[in-house]
Amino acid sequence: MSFSQIGVVGLGIMGAGIVEVFARAEYQVFGVAESALAVDAGKSNLAKSLARAVSKGKLSQEQSDEITARVTFGEDFALLADCDLVIEAAPEILSLKLDIFSKLDAAVKPSGILATNTSSLSVTEIANATSRPAKVVGMHFFNPAPVQKFVEVISTNHSDGEVVSQIVEIGNSLGKHLARISDQPGFIVNKLLLRYLNHAVQILDSGQASKEQMDAAMRELSGYPMGPCELLDLIGIDTCVEILKTIHADTQLEIDEPATGMVKLVSAGNKGRKSGSGFYDYSEKLEIPTDPNQDIKDQVHNDLLIAYLGDCIAMAATGYATKADIDSGMKLGCGLPEGPFEVIASLGIEKVRAAQVELSERTGIATYQPLSV
Ligand code: 3HC
């Protein structure tokens, strides 16, 4: 099957980013959202992203116009009828996704593949909302979708192997690096990333460090492109809370319960960049001051890094994902300068294990203990 027409449902930051990725790769794209307002927001997200590329000299105005011309926006699912692949990028609410998939099932031609960009929800449950579960997969992009080069391809027990291979082929045509994973809450990257982000807010809630100290620590001492609070604001704190709820329902571990600081911000409507404020205020250009308190930065950096490395070791040791996919996911999905197993190789596994024991004993949290395999 050759793919030429691609549909995207949901035109928030992720949906509009996915539209851009496909339109840049010369696919004919149909972007659908539930209201005229949401369609306008999608158009404006695409226009802003292309204007940024033009202003940086990465695209000519002519190329930007060609990309825009490949996209048709609208509110009607009938626009998607002839699409070979439709990707859903709606908010992380299962009932909403189930409703969208049952509508897609009715609207899209029977040979069309339906994919969800869910961050953590069960792709199997979503597939079950259709009459074509063999043609339903997860295709999980990272924010900003035009920048991050990693895509997780999630298959369920129903997925047709041929369909999964076609999705991998399409992903490659977008210039993305793909990893295949079975349907598990949080897949590879979000399972690791969200626990790390939650850990940061737990530290913040405990008063041990400020958000600025934590963000400075991870930027300065590990070279991360963003600190945890900045990243929570980028992803959307509401989305992060929803992902954590799904992961927590699976693990039942206290450390996966969404941290109070996040829940409170969401209740107050401070969802991050998309709502104008979250941990930080975005009414002006964000400038995070560098914090001179090196001891606090060293401590939070140690704690966040060691807990995260321990999770990566456990993920690989239990056969959940390969070390290579974990390294690629964290580097190409989140822009980290090194994959966790590269960090472990340079620190030395014995040093990491000793630090895990120290962290577990100091905090009283058994999950931080090294896995005995
Ligand atoms: N849309 C399109 N392009 C964008 C963009 C956007 N929203 N934001 C930045 N860019 C591009 C810029 O044009 C620039 O491109 P160039 O290198 O070709 O000139 C490049 O990205 C770097 O941008 P800037 O110089 O303006 O800014 P930074 O260097 O600070 O980078 C960043 C911004 C790319 C967002 C970087 O900080 C980063 O990688 N942060 C980590 C983001 C991350 O972890 N994402 C994954 C989150 S998890 C997820 O999405 C999964 C979900 O399920 C929750």
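Buried here means under 20% relative accessible area, exposed means over 50%, and partly exposed is anything in between (1.4 Å probe, protein chains only). All the views show a predicted model, in which local features need pLDDT of at least 70, side-chain atom pairs count only at pLDDT 80 or more, and totals for chains, interfaces and linings use all residues. Residues are numbered from 1 along each chain as its sequence is written, and side-chain values use heavy atoms, with hydrogens and water left out.

View A. Helices (H or I, at least four residues) and strands (E, at least two) are DSSP runs, numbered from the N terminus.

**View B. Asp-105 pairs up with Arg-132.** This salt bridge has an N to O distance of 2.8 Å. Asp-105 belongs to helix 4 (residues 94–107) and Arg-132 to the loop between helix 5 (123–128) and strand 6 (136–140), so the bridge ties together parts 27 residues apart in sequence. Both Asp-105 and Arg-132 are buried.

**View C. Asp-238 reaches Lys-274.** Here the closest N and O atoms of the salt bridge are 2.8 Å apart. The pair links distant parts of the chain, with Asp-238 in helix 10 (residues 237–251) and Lys-274 in the loop between helix 11 (260–267) and helix 12 (294–317), 36 residues apart. Asp-238 counts as buried, at 19% relative accessibility.

**View D. The largest nonpolar core.** It has 58 residues, and Leu-193, Met-262, Phe-279, Tyr-308 and Ile-326 have the most contacts inside it. Domain 1 (5–182) and domain 2 (189–368) both supply residues, so this core lies between them; the bounds come from an automatic or database domain assignment. A nonpolar core is a set of buried Ala, Val, Leu, Ile, Met, Phe, Trp, Tyr and Cys residues joined through side-chain atoms within 4.5 Å.

View E. About 1300 Å² is buried between domain 1 and domain 2, with carbon and sulfur atoms giving 60%. Buried area is the accessible area (1.4 Å probe) that two parts lose on being put together, summed over both. Zero salt bridges are counted between domain 1 and domain 2.

Key: Salt bridge = Lys/Arg side-chain N within 4 Å of Asp/Glu carboxyl O.
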